[in-house]
Amino acid sequence: MRMIRAVLSVAFRQNMMAMKPAGRGAPLMLFHIETGGCGGCGMELRALASAPYDLGGAGFGLANTPAGADMLLVSGPLTRMMAPVLQAAWEAMPDPKGIICMGDCALDGGVFGENYATLGGLERRVTIDLRLPGCPPTPTDVLAGLASLLRGDVQDDLPPA
Amino acid sequence: MDALSLIRGGEPTATPWRFRLDELAWRDLVEALRADPLPFCGLWCDGTDVHALFLVRDEPLAVTLALEDGRYPALSPARAASTLYERAIYDLYGAEAMWARDVRPLFDHEVWPCSSPLAARPGVSEARSGLAVFQPSERFATAAGAVDGWGPASGGVSPPLYVAFTQSRGLVGQAESQSGYAHRGMALRWRGSRVEDGCRLSGRVVAGQSVAHQSAFCMAVEQACGQTVGEQAGLARVALMEMERVLHHLYTLADMAGRAQAPLVAAHCMMLRETMLEQISPVTGSRLLMDCCRPGGVRLPEAERLGAVCESLAGIGQAAHPALLELWESFPGLVARLKGLGVTRAEDLARVGLEGLVARAAGQDCDTRRALALYEGLWRYTAGRQYGSAADRALLLLDEVAESLSQLARLAPRIGDAMPDREALSLPDAEGMAMVEGPWGRVAYWVRLQEGRLAQVFCHTPAAAALLLFEESVKDQPVEDLPLVACSLGVNAAALDG
Ligand code: SF4
């Protein structure tokens, strides 16, 4: 039992001081979940969060916990093992919130498709607020997509000013 | 009799480097392996047989045993790394390893709609819902200290893995990982696919190592076909593998520096990587060098510029490298933080059979490049680190960046602006096997072709041994350094889970 509790308590460990930003002007916080891909989308996200790209300057930050996030950023095909982890992350996020799918895998399963271990992508399962196709999408593509969020495409879903 | 004689005394197969044993001879082999240091590379199953792969002076030597009532004698009593393969084989095929050291599930945590999904007749099972339950070994369950964990969703960018650990006074006691979160059924996807599609999949086993995987895959297919690619295509593959090593090592250094509270150093590594990518990506068509290799050759949108890019990368990298090294060594607290961290002991390296960069940083002389004809005139041993700590691994990563850059400089005039040739492959019913030195160590592929398609693919990476080594090396380390130790050892769930 102590093991089960250990898994549950750390899957989304409340570390640091991450808080949901108060509103417009604060960065839009993204909680990234890799749901079982090759890690390529994650690598491009890391590149985007590093120099010479300026993710912070563009108005975005990476949250350490779902509770401190505005948007869930998903990459990789959804493996059956990660599905409940994704669900728990979503439920831990405060409203209003949204979902970004980064990469072909997160959208429709990509090269991995659907089988005994993966459910494919999120496209036919949930409402996606931002699609970032590619295998993987480049940091520039991702930044352009994210910028479209701030331009108002799903502005109504974001924290009020 | 020694292990080698036992294997070679088996029944020859159509594949010259693979022999078939009966169960008694296999058991004798397991006994012999307890004392024999024959390097073990992996164990896989095709539903009918199990196959174990060994290396003799960097050449493959495989041994096959027919499953009897779905069972076979385990190799794990003699080779610790076999544990992970045996657990995977049970989860995927339902084949049971008798006298195995560890029989906990590896991938199948009862969330799949069936059991033994790769078996001829998969079992029916009722998928459980909810988070996968961590199943500790007996040793872990009885260990003292509070239990904590890391993953599988910590907001980072790495593929998902869960590590449970006991801790006391801020130090890790026992650590044990639970994998399967990134298992996406690669073996099933490969089965029956066209070789081009199989190659695309192999490039997505683990990002950042795509050229190594796709090169080894293509070379294995070509070996099965009894064909080799022309000189220019071979040189192009070497150039791509060395570019990948430089990009991978810079990324890993940035990751380590970031986790060790040296953001400035991390930024420098990533900036240099991006500067190089500006040159590389128009030629390769992919920033992660995915799909640049194809069976029979390479696939490059601007192949005629490859030689020029090698030269330019060598120039950019060699100009920046001394400053990066100096920054690494002088950044306040960085080397001190890594020194003595995650030290790999020689006996653990031998026990799990890990080669590659991690072993080289502990003073071992192992590099697949030495045995590859492709590297003739290019390869030289990168030595000088021997204490096996995260600090040694970081400095070896930096050494290897410099070494790969000088290889690119030597390759540039040989590649020039020649267009790499492409071999048309005729696909017989045959097996092939090939290996290359990936960024973390040996990447090997075994393929079986049938009726012009892939019947079976087995892929060996250093990931299984790296995970076992990580569980040992993280003991007594500060809890907050657990992700840093993992990253310095090349622990990667995508490569492990497949
Ligand atoms: S979309 Fe491509 S790069 Fe991203 S996780 Fe999937 S296979 Fe990897």
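Guide: Between chain B and chain A of this predicted model, 11 residue pairs are in polar contact.

Visitor: What makes a residue pair a polar contact here?

Guide: A pair of N or O atoms must lie within 3.5 Å, one able to donate a hydrogen and the other to accept it. The count of 11 residue pairs is for chain B and chain A, with both residues at pLDDT 80 or more.

Visitor: Which elements of chain B supply at least two residues each to the side that touches chain A?

Guide: α4, β10, α5, α6, α8 and α9 of chain B. α9(B) gives the most, with 5 residues.

Visitor: Why is the contact of A:R46 and B:D255 called a salt bridge?

Guide: The N to O distance is 3.2 Å. The cut-off is 4 Å, between a side-chain nitrogen of Lys or Arg and a carboxyl oxygen of Asp or Glu, so the pair qualifies.

Visitor: How is the size of an interface often given?

Guide: As the accessible area lost when the parts come together. Here, the area buried between chain B and chain A is about 4,600 Å², and carbon and sulfur atoms give 68% of that. B:L131, B:V157 and B:R184 supply 15% of the area that chain B buries against chain A, more than any other three residues.

Visitor: Why do β1(B) and β2(B) count as paired strands?

Guide: Pairing needs at least two bridges, and 2 bridges join them, so they count. The two strands run antiparallel. In β2(B), B:F19 is the bridge partner of B:P12. A hairpin through 5 residues joins β1(B) to β2(B).

Definitions and conventions: Residues numbered from 1 in each chain as written. Chains lettered and ligands numbered in written order. Predicted model: local features only at pLDDT ≥ 70, side-chain atom pairs only at ≥ 80, totals over all residues. Heavy atoms only, no water. Buried area = accessible area lost by both parts, 1.4 Å probe. Polar contact = N/O pair within 3.5 Å; in protein donor to acceptor, adjacent residues only side chain to side chain. Helix = DSSP H or I, 4+ residues; strand = E, 2+ residues; numbered from the N terminus.
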